[in-house]
Amino acid sequence: MAGVRFKVGDHVGWNSEAGRVSGTIIKVHTADFDYKGHTHRATPDDPQYEIKSDKTDHIAAHRGKVLTKLSS
């Protein structure tokens, strides 16, 4: 099921174990990719996004269905 589409530069938020987190999308994956030793599944219809945290240099990978677009 295709969700909301995001693009590089979009400011997004999501829930993590540590609570609500926000960051900026730095890469959009539309094919399977290796991230931190694990294969993440992605397709053009169900992409995954790499997001750089606003508060740290941490990079996270998430599907669009868990992300919410925030105002800039």
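A pocket, in the sense used here, is an open set of grid points with protein on both sides within 12 Å along at least five of seven lines, and its lining residues have an atom within 4 Å of a point. The model shown in these views is predicted.

**View 1. The largest pocket and its lining.** The residues that line the largest pocket are Trp-14, Asn-15, Ser-16, Glu-17, Val-21, Ile-51, Ser-53, Thr-56, His-58, Ala-60, Ala-61 and His-62. Two or more lining residues come from each of E1, strand E5 (48-53) and strand E6 (59-63). The volume of this largest pocket is about 180 Å³. Its lining comprises five nonpolar, six polar and one charged residues.

**View 2. The aromatic pair of Phe-6 and Tyr-49.** The model has two aromatic pairs. In the pair of Phe-6 and Tyr-49, the ring centres are 5.5 Å apart and the planes meet at 85 degrees; because this angle is over 60 degrees, the pair is edge-to-face. Distant parts of the chain are linked here, as Phe-6 belongs to the segment before E1 and Tyr-49 to strand E5, 43 residues apart. Phe-6 has a relative accessible area of 9% and is therefore buried. Tyr-49, at 1% relative accessibility, is likewise buried.

**View 3. The surroundings of Asp-10.** Asp-10 is located in the segment before strand E1 (11-16). Its relative accessibility is 6%, so Asp-10 counts as buried. Leaving aside residues up to four places away in sequence, Asp-10 touches Gly-23, Thr-24, Ile-25 and Lys-69. A polar atom of the Asp-10 side chain lies 2.9 Å from the backbone nitrogen of Lys-7.

Terms used. Residues are numbered from 1 along each chain as its sequence is written. This is a predicted model: local features need pLDDT of at least 70, side-chain atom pairs count only at pLDDT 80 or more; totals for chains, interfaces and linings use all residues. Side-chain values use heavy atoms; hydrogens and water are left out. Helices (H or I, at least four residues) and strands (E, at least two) are DSSP runs, numbered from the N terminus. Buried means under 20% relative accessible area, exposed over 50%, partly exposed in between (1.4 Å probe, protein chains only). Contact means heavy atoms within 4.5 Å. A polar contact is a pair of N or O atoms within 3.5 Å; within protein, one must be able to donate a hydrogen and the other to accept it, and residues adjacent in sequence count only if both atoms are side-chain atoms. On a 1 Å grid over the protein atoms alone, a cavity is a set of points where a 1.4 Å probe fits but cannot get out, and a pocket is an open set with protein on both sides within 12 Å along at least five of seven lines; lining residues have an atom within 4 Å of a point. Grid points are joined across faces, edges and corners, and a volume is the space filled by probe spheres set on the points. Ala, Val, Leu, Ile, Met, Phe, Trp, Tyr, Cys and Pro count as nonpolar, Asp, Glu, Lys and Arg as charged, and the others, Gly among them, as polar. Rings of Phe, Tyr and Trp (its six-membered ring) pair if their centres lie within 6.5 Å; planes under 30 degrees apart count as stacked, over 60 as edge-to-face and the rest as tilted.
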